[in-house]
Amino acid sequence: MNLNYSAILPEMVMAGGAIVVLMVDALRRIENHRGDAANRGSGLLLALSLIVAAGAAVAAFAVRGESGLMFQDSARSDALSFGIRLIVLATTILVLLVGSRYVSTFTRYPGEYYSLLLLSATGMMAMGIASDLMVLFIALETFSLSLILLAGMYRHNRSSTEASLKYFLLGAFASGFFVYGSALIYGVTGTVSFAGMGPALQAAADGGPGAVLLWAGIALLLVGFGFKLSLVPFHMWTPDVYQGAPTSVTAFMSVGTKTAMFGALVRIFLMTFPYGFENWTGPLIVLAVLTMTVGNVTALCQTSIKRMLGYSGIAHAGYVLAGLVPGTETAVNSALFYLFAYAFMNIGAFIIVMAIEHSVETDVERSQLRGTGAAMPILAGFMALFLFSLSGIPPLAGFFGKFLIFRSILDGGLAWLAAVVVVNSAVSAYYYLRIVVTMYFQQRPQEVHAPQSSPAMQVGMVLAGVMVLAIGVFPAFFMGLLTVPGL
Amino acid sequence: MDFLLPLLLLMPLAGAVVVALLGSDGSRKALAMLASLATFAASLGLLQDGSALTAGEAVLAFQRPWFPEIGLSLHLAADGISVWLVLLTTFIMPIAIGFSNRFVSDRLGQHLALLLLMETAMVGVFLAQDLVLFYTFFEFTLIPMYFLIGQWGSENRVYAALKFVMYTLLGSALMLVAIVAIFVQTGTFSIPEIAATLPATAGSTFQVLGFLAFALAFAVKIPLFPFHTWLPDAHVQAPTAGSIILAGVLLKMGTYGLLRLAMPFFPEAFASYAPLLIMLSLIGIVYGALVALKQQDVKSLVAYSSVSHMGFIVLGLAVANTQAVSGAVLQMVNHGLSTGALFLMVGLLYERRHTRLFSDFGGLWKSVPVYCGLLLITALSSVGLPSLNGFVGEFTILLGTWQVSPAAAAVASTGVILAAWYLLTAFRKLAQGEIRHQENEVGVLPDLQRSELMMIVPLVIMFFVIGLYPNLLLDHIVPAVEILLP
């Protein structure tokens, strides 16, 4: 039995940190119970959470070299799990940097918010190391349940509550598919461990007994993934949830969920079921093409920025899925690089939305950005940077993400799929650039308050902006950071 | 002097950053001008190794790894073709900046920074020896131009800016797929290596698809008929400095790409599509000229004349003999100078009268004689009067074309006649006849001032220099073209 606790140190730090934050919050509230200063000391919680996330990142680098199966083959530490950890932690830190002032606008219980955020991130990171169906399911539920609560944090807001309920119901539905698929696979192979499934899968793939059940099980798993990744046609919940949830939660969800689910997708479809993987490339291609096209076309028609970013997030999931289709190691590395770049540019854009939302306190319509280019040059400049990166204009982070994905698709000999991706990406430029048009080329109406971005938010914005530039200019360095050679 | 080429990229870039940060408009103007002039001075260093250039070699190569895992490198070099296009860019830039310094006051720092960013990207396009680096610069030119048109353009600027960007983005999207497909085929992004190995290894389907992807991107940029519809909008709406750069340099990125990438990479496909290119360029020459004849607005006349003149350059490339292609390269420089100068002259007039309609002018010869004299020389340079620059280029192209297809040469030469017609008619409507408007009276309409003369006179000098001594350029261009052609 291999109980290698050091290999899961980052997850332990995060889970432990979440509990500590919760306890500190409880003590803080006992201290404050007489006063009405609900937010006193929330800065402390924020600082604590940031330290926890940073500590987990340090731990992730420290145990970077650990590899192999652990805990009775239920967890695996390898290059993939490292990449997932890094992206999830970067996402967490950026979302935490939104700051306590923003959090106080939608909830009176910041402790719960921070601790759920950390717990959710723990679940996402665990998705990357899960190496049997049980652990995978537990990780999935850990982050999903935390996200459901987070989505409903803005308690007195109808759409936030609706978002939470919708995410809960559809999440439960997806989990049902997932569990049922797992049960079928277990029934055929007699084990939940990915490592132990090999022989039985091979036999079934060769036309042995249980092949039908096995394929049905895998198809059900894929549907579960489809819901969580908001692949078309399982995407209906996404825009409503993205729009209704507090924006910081939306930002976290949009990148974190994708990263975790793609990690698990790679783990299952590429590393566990390579037998007969080519049978699955067909459905995956169809899903990818549908997802990016529907996502983009629908995003074209949105006037709410959050909704637009929600639909465009669907399209980005389509690009990543298309990049994974060849199923090679370069394909996985490209997808990781893409998600890493996506984390900074997408959360960067959401941070700007939050800064502007702060002043108008409702959903942000595109028209509210009119004339921001002249009135708030720095804010608008960063927004333009993120939008250009999202549309894939070189030399920004998003360009290299897309470039690597094209390369892996073409390596797999699917020139037409690469053409579909690239045309989609050019179409997406239209709705991203339209925001730039609104910001820079239209006059500012009179009655608009200045945005009240907190210092923390500014740090997050600058950090994301610098990373978007740096990833574009020094792609080799970040590729080296994300991928572990020799694992 | 290994570092001259990266220096040419960094100087405007550094200038852009500092200009954006500086406080007062006065220091911004001075610094932007200084940065562009220093870049021009440095770019003269490209000519230091004259014997290598006349031997057709690439000079001053600079190579550093960029993303070695996937074969990207920062690889720059200049041969006889790129040298002159870079010089064109660095020569035009101070003129455009001079114009903006004089007439733009709204958000000047941003405006000048964007112009300098533009310069880095354009010089990068002409120097890049790595396909991805080329693509990066090629696409990056969109961002500054987008803001220049959208923020400082005329009434319909938002539409024009978005149309410009979307046309170009969609046009070049498939080129990126082709670039990666070439890498999968050859294992390298290095332009010279691909040119050496790809033609022999690529199958015919690959050649055709690859060529079409590249040709589409460049056809939109040039713009070749029928992909030209963004150009009149962009030109008419753009601020003058933007128009000068757009016509002067940006369009050349398309013909340069055709020559540097599409022709050497896919020679067979190119040969089979050359008749189509010739046909489209001839249509463009005649169509652009006929539409130009009908324009009521001086600026859109110049814009359509660009469509016609760029047709000549594509014709020269498509004919693909040394003479025609060398003429086409020479004509890229010539068109940059002449059309840049025409837009400058139109801009100077617009800043005085805030109108560009022919009906608002007439008889200017009496009130602003210096302006009209220079305008006439500029127009004649664009028409192709012997002893001025336009003549040499067009004549060389027509000679080369005649050897391949006398019919095509005959059709193309109608473009020269039509050009004389529309440009001289335009001149007549502006300068000759009676003064019909009070604003144009002697003493009311000011003639060119010294700072304005400093923008236009260098261009006029270059018309004569190239017109009388074209070998200054052709000595470098011809050997480079000979090496490039299969």
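This is a predicted model: local features need pLDDT of at least 70, side-chain atom pairs count only at pLDDT 80 or more; totals for chains, interfaces and linings use all residues.
Hi everyone. Before I start, one term: a helix here is a DSSP run of H or I with at least four residues, and helices are numbered from the N terminus. With that in hand, let's look at a spot in chain B. B:H354 lies in the loop between α15, residues 322-353, and α16, residues 364-367, of chain B. The phi angle of B:H354 is near 55°, which is a positive value in a residue other than glycine.

How does the model score? Its ipTM is 0.83 and its pTM is 0.88. For chain B, the average pLDDT is 87, and 100% of the residues score at least 70.

Strand β1 covers residues 59-67 and strand β2 covers residues 72-78, and the two run antiparallel, joined by 6 bridges. If you want to find the pairing on your screen, look for B:P65, whose bridge partner in β2(B) is B:S73. Then find B:Q63, which stands opposite B:H75 in β2(B). How many residues lie between β1(B) and β2(B) in the hairpin? There are 4, and B:G71 in the turn has a positive phi of about 80°.

Now for helices. Two packed helices are described by the angle between their axes and the distance between the axes.

The crossing of α7(B) past α8(B) is right-handed. Which residues meet here? On α7(B) we have B:L142, B:M145, B:Y146, B:I149 and B:G150, and they meet residues of α8(B) including B:R157, B:A161, B:F164 and B:L169. By class, this contact of α7(B) with α8(B) has 10 nonpolar, 2 polar and 1 charged residues.

Let's hop over to chain A for the next pair. There, helix α11, residues 247-272, and helix α13, residues 305-324, have axes that come within 11 Å and cross at roughly 15°. Angles under 35 degrees count as roughly parallel, so that is how α11(A) and α13(A) stand to each other. The crossing of α11(A) past α13(A) is right-handed. On the α11(A) side, the contact is made by A:T247, A:T250, A:S254, A:K258, A:F262 and A:V266, and on the α13(A) side by A:K306, A:G313, A:A317, A:V320 and A:L324. These residues divide into 5 nonpolar, 4 polar and 2 charged.

While we're in chain A, here are two peptide bonds to look up. The bond from A:V232 to A:P233 is cis, with omega near 10°. You'll find A:P233 in the loop between α9, residues 211-229, and α10, residues 237-244. Another cis peptide bond joins A:P394 and A:P395, with omega about 0°. A:P395 lies in the loop between α16, residues 377-390, and α17, residues 397-411, of chain A.

So how do the two chains meet? Here 30 residues of chain B are in contact with 24 residues of chain A. On chain B's side, the elements giving two or more residues are β1, α6, α7 and α8. Which of them gives the most? That is α8(B), with 16 residues. By class, the side of chain B that touches chain A has 24 nonpolar, 3 polar and 3 charged residues.

From α17(A), the contact uses A:F406, A:R407, A:L410 and A:D411, and from α8(B) it uses B:L176, B:V177, B:V180, B:A181, B:F183 and B:V184. By class, that contact has 8 nonpolar, no polar and 2 charged residues.

Notes
Residues are numbered from 1 along each chain as its sequence is written. Chains are lettered from A and ligands numbered from 1 in the order in which they are written. Two strands pair if DSSP finds at least two bridges between them. pLDDT is the predictor's confidence in each residue, from 0 to 100. Axes are lines fitted to C-alpha atoms, for helices over the stretch in contact, and angles run from 0 to 180 degrees between N-to-C directions. Angles under 35 degrees count as roughly parallel, over 145 as roughly antiparallel, 65 to 115 as roughly perpendicular and the rest as oblique. A crossing is left-handed if the near helix is turned anticlockwise from the far one by less than a right angle, and right-handed if clockwise. Two residues are in contact if their C-beta atoms, placed from the backbone, lie within 7 Å. Ala, Val, Leu, Ile, Met, Phe, Trp, Tyr, Cys and Pro count as nonpolar, Asp, Glu, Lys and Arg as charged, and the others, Gly among them, as polar.
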